[in-house]
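Here is a short report on the fold of one protein chain. Please keep the sequence and the model in view while reading.

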Amino acid sequence: MNAHTHLWAERFPEIGTDPVPVDACISPDYFEREREKLFKKVWLKVGRVEEFPQTGSWKLVDMDIWNTQIILARGVDGRIRGFHNTCSHRGNTVVSGPETSGRTRHFFCNFHGWTYDLEGQLTDIPQEEEFFDSFKRCENGLTPVGVDVWEGFVFAHLDPAPAQSLAAYLGQVGERLAGFPYGEMTAVYAYRTILNCNWKVAQDAFSEAYHVTTIHAGSFPDGFNAKLGDVEILGPHRSGSVCMADGGPKQTPVAKLAHQLGTSSIAKRGVRTELPPLINPRRDPNFAFELAVLFPNFLVHIMDGLYFTHQFMPIAVDKTLWEGIQYFRPPQNAGQRFSQEHGQLLQRNAWLEDTATMEATHAALASRSKKVMHLQDHEILIRHGYKSVEDYLNA
Ligand code: FES
Ligand SMILES: [Fe+2]
């Protein structure tokens with residue numbers, strides 16, 4: 001280490017400073033170990049409660065990393081449950097599309113007509129008398145997965161009765177981000193696409209501010225500080241503040257107007273009143289938004305007036321479903337609507353800039369022309385991510 005003070009490396013010496021092996025992003029064997037020892041063992045975000053407004057609201061989620069699809073449904077008792085999309089008869093998919101969400105009273109397998117209720121119980125079997133004594137209806141409901149909810153975010157676990165509750169799994173990061181008015185922000189702008197890159201290549205590009213002055217020179221000129229603030233390492237999870245540059249960001253006339261009419265942009269300066277007490281504890285006037293990584297693959301960003309999330313669902317070692325979503329309060333007038341459209345388009349442009357690097361990065365890493373990646377001090381969230389994955393693979 002040179003004479004320069006490395007703030008985060010000194011505060012979190014256990015994370016180390018070594019280069020990160022490229023193998024973690026390109027090795028099929030490493031990916032299969034991640035599947036078995038990490039993704040099949042932890043809670044993964046699969047939705048928001050607002051997607052299940054009524055009894056019978058359901059949604060289908062591809063869980064390639066679990067080698068399955070799951071149906072999520074709100075039961076008559078109000079609880080959201082999850083099931084493998086696999087019929088107990090001969091394995092047809094119970095929900096077969098083309099719709100991937102909706103509202104129903106029951107799930108009907110269209111192969112031979114077996115029917116399941118919202119709690120996953122098998123309720124109807126044509127010609128049931130032709131089956132044999134070894135078959136019991138009550139033992140042949142849909143196979144459940146674990147489902148739990150934190151701050152309105154719906155999480156699923158491959159184990160229907162996980163040893164660790166969602167609250168225990170999230171631990172301090174859950175406490176840190178709790179209390180933000182997520183449930184009030186129901187105006188949603190979602191972007192999703194499949195990227196031909198490893199899930200960590202995609203996630204890493206959203207886990208530092210080092211790239212902002214270069215990649216985002218177009219969308220946020222001179223806007224943000226490349227250094228993170230108030231980094232906290234919270235078990236496998238992590239959190240830190242992305243801050244504005246002194247005097248930044250430059251305001252176009254349109255941005256000025258949008259900021260007068262609403263609070264809908266990460267580039268708006270202003271009083272921070274909605275944030276939970278542990279966020280921006282020094283009340284830094286340059287605070288822009290909190291960037292939290294709920295391990296392994298869900299990013300939550302909060303600031304006054306909006307929040308946004310990213311998720312990176314692995315499909316294969318070199319294929320990832322990325323989903324970026326912004327959430328605002330429903331606009332009360334045309335000015336607020338304009339402000340939100342402005343804010344979400346700025347983000348869309350930035351996310352296009354972010355995602356433009358990922359496939360080329362993965363292809364270059366896959367050439368194996370480099371063995372390691374070198375991370376600087378303010379890429380600590382990325383470094384901690386690789387270490388947390390390793391901890392699971394070696395457990
Ligand atoms: S496979 Fe579903 S009813 Fe036969
Ligand atoms: Fe970015």
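## Basis

This is a predicted model: local features need pLDDT of at least 70, side-chain atom pairs count only at pLDDT 80 or more, and totals for chains, interfaces and linings use all residues. Residues are numbered from 1 along each chain as its sequence is written, while chains are lettered from A and ligands numbered from 1 in the order in which they are written.

## Overall chain

The protein chain has 10 helices and 19 strands (DSSP runs numbered from the N terminus: helices are H or I of at least four residues, strands E of at least two). Its radius of gyration is 23 Å, close to the 21 Å of the globule rule for 395 residues, so the chain is as compact as a globular protein of that length. The radius is taken over C-alpha atoms, and the rule is 2.2 Å times the number of residues to the power 0.38. The C-alpha atoms fill a box of roughly 80 × 55 × 35 Å along the principal axes.

Buried residues make up 41% of the 395 (buried: 20 or more other C-beta atoms within 10 Å of the residue's own, with C-beta atoms placed from the backbone).

Seven strands form an open sheet in the order 2-11-10-5-4-3-6, with antiparallel pairing (pairing needs at least two DSSP bridges between two strands). Strand 2 (44-48) and strand 6 (101-103) are the edges; each has a single partner strand, so one side of each lacks a neighbour in the sheet.

Strand 4 (residues 68-74) and strand 5 (residues 80-84) pair antiparallel over 5 bridges. R74 has I80 in strand 5 as its bridge partner.

Conventions. Buried ≥ 20, exposed ≤ 12 C-beta atoms within 10 Å, placed from the backbone.
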